[in-house]
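The exercises below are to be worked with the sequence and the coordinates at hand.

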Amino acid sequence: MNPVWKALRRPLTAAAVAYLGVVLLAVVFAPLLAPYDPTDGDLDHVLSGPSALHPLGTDSLGRDVLSRLMYGGRVSLSGVAEAVLTVLVLGVLSGLLAGFLGGWVDRVVMWVVDVVLAVPVIVTLLVVLAVVGSNETAAMIALGVLGSPLLTRVVRGSTLAVRQELFITAARVAGLSNRAIAVQHILPRVAGPITVQASIFAGAALLTETGLGYLGLGAQPPTPTWGGMVADASTVIDQQPWLLVPSGVVIGLAILSFGLIGDAVRDAGARHAPPNPRRRKQVPVVPPETAPEPDALLSVRDLTLTLPRGGEDTVVVERLHLDIGPGEVVGLVGESGCGKSITGRALLGLLPPGGQVTGGSIRFGGEELVARRQADLRKLRGSGIALVSQEPLSCLDPVFTVGHQVDELVRIHRGGSRKQVRARTLQLLRDVNLPDPELVVRKYPHELSGGMAQRVLIALALAGEPKLLIADEPTTALDVTVQAEILELLRTLRARTGMAVLLISHDWGVVADLCTRAYVMYAGHLVETATVEELFDHPRHPYTAGLLGCAPRRAEPGQRLPAIPGTVPDPRHWPTGCHFQPRCPLATDDCAVPVPLLEPRTGHRARCIHHDRVEGGERDARTAVA
Ligand SMILES: Nc1ncnc2c1ncn2[C@@H]1O[C@H](COP(=O)(O)OP(=O)(O)OP(=O)(O)O)[C@@H](O)[C@H]1O
């Protein structure tokens, strides 16, 4: 069950909701339910206590307190509604814009927020009332404007947190517009904090409205207001103290109820805002030193990426080269932390906050992608390049059914009537071999197995008919049988659609199964590239040879699994020269200077000066190519 609903079912919260519901009904239906007209005085029963005639007594003019409470609530609660509505519109819009768009929009919004927060509320309200007369609506809207910065901050913080989640990245990858992502994916996620803030503000607004009524500002007599009733009661407190009880209890319980509902929703899972990602100046991109491959679908040259690590911009990928031809299946291999996934994200223009391309070029279909605006890249995502990631369930929005999520992308990429969209969705689900697509479209992500979720994710990626599919460890989270099925599916889809695939993996078996060529990465460097056959038969870099030697299928029964000693160094502590030298059995002093990519055989490149000593290697001449 939704945690918010669960929280609202707690006895105290349920009582608060019920109380506000009853008050609201009594107020709305006051003309039908109130026993008397709120302005009619019964001079025979002035300042009487509760009686059969007047259940809550009468005031100093003999007016029925119950009827005045019902009618008074109309003024007081509509004032609260006006203030809350103003806060919601201003706070949610500005918070979403600031958190989602960031940059100068964020800076301007936060500057306005700081200015409004510095304005004293009561003084401003008095000024507004002095200017517009006793216009309660104007005062409550002004209160809403002054209260909105608190909601702006909360929504901005929550949006920043949600923006980092994988399913939002997946939605971007799929080419969804910012507005669609904000409305359909982010807004439902920040609904909790918004409800908390709105209910807390409603209590404060009721208190302010009552205070204004008490001071004789706002709606004027004989119109009943709750604040006016408190003011009347306080003037006769010596003669009839009871008169303060009905209005005091109704107002007090209403404020308490707003607070209780806010607390319950917050307890149910309001999230804290993450720290604001560091803002830095965009550094100029260093142009590549080598030309792109003209016939390639994707040609990456000298790509250098930085990410903020330990407070500093750290290079995590350095001068990477990569080419993928149309329809080609290419592997990107390496241990965890070598920079494979971050490279995949850079191709889509989706680096984590603070990440930057500081050098090189990415050409896709002949167009340069580095330094292109996010709006241009968004058009490319999904239809040009699509991504399937290693955590299928985290990439699906848990709030919507599979059908809704696939429909959404089909509508964006193809358009068409509801019927046509759904027909295409079912076809896509059939294409990825999901049994019973009619049933699957009605399922929520939590009802899917890992294998089914991965198939749905592949269907989502196919919705835009991409030319290049980046499959980032697409089988890592799956069991062996399902792994084989997904690999077979990728192979079939590639043959059927003619799309190219960049398969990111640390598993040589998977790479050998699907790819014709592979790139091996180590600690941010491309260390070797060749056809998969060449790499298996004649590795020319000790790292590739070491990785191949670690494959579990090469282990002898009863023997320890072979492993490369040591671990991938943190990008802040890369050694100078060859990054692999501290772990390399062939390392010499010469390895401490930067090593270029060499080409021991045509089309086979390795970043190693000892490539001819790598086991199984041939003693070829070195040809520096980069
Ligand atoms: N959001 C991030 N913020 C800071 N550093 C990051 C972030 N994501 C990745 N890194 C760092 O970038 C480097 C490359 O990470 P990347 O995820 O690309 O490696 P990988 O080879 O894909 O490994 P894995 O298979 O575990 O994902 C690592 O040192 C990693 O710690």
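The model is predicted: local features need pLDDT of at least 70, side-chain atom pairs count only at pLDDT 80 or more, and totals for chains, interfaces and linings use all residues. Residue numbers start from 1 along each chain as its sequence is written.

**Exercise 1.** Determine the strand order of the open sheet of 8 strands, and state which strands stand at its edges.

*Solution.* Helices (H or I, at least four residues) and strands (E, at least two) are DSSP runs, numbered from the N terminus. Two strands pair if DSSP finds at least two bridges between them.
1. The order is S6-S7-S8-S3-S9-S10-S12-S11, with mixed pairing.
2. Strand S6 (385-388) and strand S11 (598-601) each have a single partner strand, so one side of each has no neighbour in the sheet.
3. On average, neighbouring strands of this sheet are turned by 20° against each other, direction ignored; axes are lines fitted to C-alpha atoms, for helices over the stretch in contact, and angles run from 0 to 180 degrees between N-to-C directions.
4. Within the sheet, S3 (residues 329-333) and S9 (residues 517-522) pair in the parallel sense over 4 bridges, and Val330 has Arg517 as its bridge partner in S9.

**Exercise 2.** Is helix H12 largely enclosed or largely open, and what does it give to the shell around the ligand?

*Solution.* A residue is buried if 20 or more other C-beta atoms, placed from the backbone, lie within 10 Å of its own.
1. In H12 (residues 340-347), 6 of the 8 residues are buried, so the helix is largely enclosed by the rest of the structure.
2. Among these buried residues are Lys340, Thr343 and Leu347.
3. Just after H12, Gly349 takes a positive phi of about 70°.
4. The ligand is surrounded by 13 residues, the closest being Ser336, Lys340, Ser341, Ile342 and Pro352; a residue is near if its C-beta atom, placed from the backbone, lies within 6 Å.
5. H12 gives the most to this shell, with 3 residues.

Key
Buried ≥ 20, exposed ≤ 12 C-beta atoms within 10 Å, placed from the backbone.
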